[in-house]
Amino acid sequence: RSRVAAVNSRGFAFRNSNSYHGVEQTKLTMATTVGVILAGGRGRRMGALTETQPKPMVTVAGRPIIEHTVRRGDGLVDSWVIVTGYLGGKIRAHFGETHEGTASSYARQEQPLGTAHALQRGLGAIPGDADSLLVLNGDAVVPRALQRRLTTGGGPAVAVRYEDAPENGIAVLQDGQLVDAVEKPDTPPSN
């Protein structure tokens, strides 16, 4: 079977219709575009806001951050795979098995080992008939226009150049090609 793959930097794990660490998981079927939301982060730098809830569930403008992303993507994807980690049951309880008619399924990353690990853990959740994959972070609101562009052939968006080095991951380029990705480095090699 063919698989759809992508690279970023956050978490994933899935089994076909069985229990994995006490969480019932099911495999999505009949999808052509799958939206994958990486929502495993704790958000340690957010202090008390994330002591009892995962970072994607922090409320902004009356809704959890992740809900803004899902609402903007509904109708653009055929199904969602939401990758959870820290207190992931709260995300699952919030969304259930569907959101606005779009199927939701879940994958779990037991330990926070970065985005690439998260995606690697979730490859089993991506249907073999998927034509495309939209990977989004659950702790960032992505405008619907950008989600539409990414799902309708606008090409991939992998990295953004900052004036100052960001506090997150760094893409290392050589001759215009991605040669490394460094997760939250103490001394960023570039911006």
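Colleague: Why are helix 1 and helix 2 called oblique to each other?

Modeller: In this predicted model, residues are numbered from 1 along each chain as its sequence is written. Local features need pLDDT of at least 70 and side-chain atom pairs 80 or more, totals for chains, interfaces and linings use all residues, and side-chain values use heavy atoms, without hydrogens and water. The axes of helix 1 (residues 65-73) and helix 2 (residues 88-95) cross at roughly 45° and come within 11 Å. Angles under 35 degrees count as roughly parallel, over 145 as roughly antiparallel and 65 to 115 as roughly perpendicular, the rest being oblique; the two helices are therefore oblique.

Colleague: Which residues make the contact between these helices?

Modeller: Ile66, Glu67 and Val70 of helix 1 meet Ile91, His94 and Phe95 of helix 2, contact being heavy atoms within 4.5 Å. By class, this contact has four nonpolar, one polar and one charged residues.

Colleague: What is the strand order of the open sheet?

Modeller: Its five strands follow the order 7-8-6-3-9, with mixed pairing; a pair needs at least two DSSP bridges.

Colleague: What makes strand 7 and strand 9 edge strands?

Modeller: Strand 7 (98-99) and strand 9 (132-137) each have a single partner strand, so one side of each lacks a neighbour in the sheet.

Colleague: How many bridges join strand 3 to strand 9?

Modeller: Six bridges join strand 3 (residues 33-39) to strand 9, and the two run parallel. Valine 34 has leucine 133 of strand 9 as its bridge partner.

Terms used. Helices (H or I, at least four residues) and strands (E, at least two) are DSSP runs, numbered from the N terminus. Axes are lines fitted to C-alpha atoms, for helices over the stretch in contact, and angles run from 0 to 180 degrees between N-to-C directions. Ala, Val, Leu, Ile, Met, Phe, Trp, Tyr, Cys and Pro count as nonpolar, Asp, Glu, Lys and Arg as charged, and the others, Gly among them, as polar.
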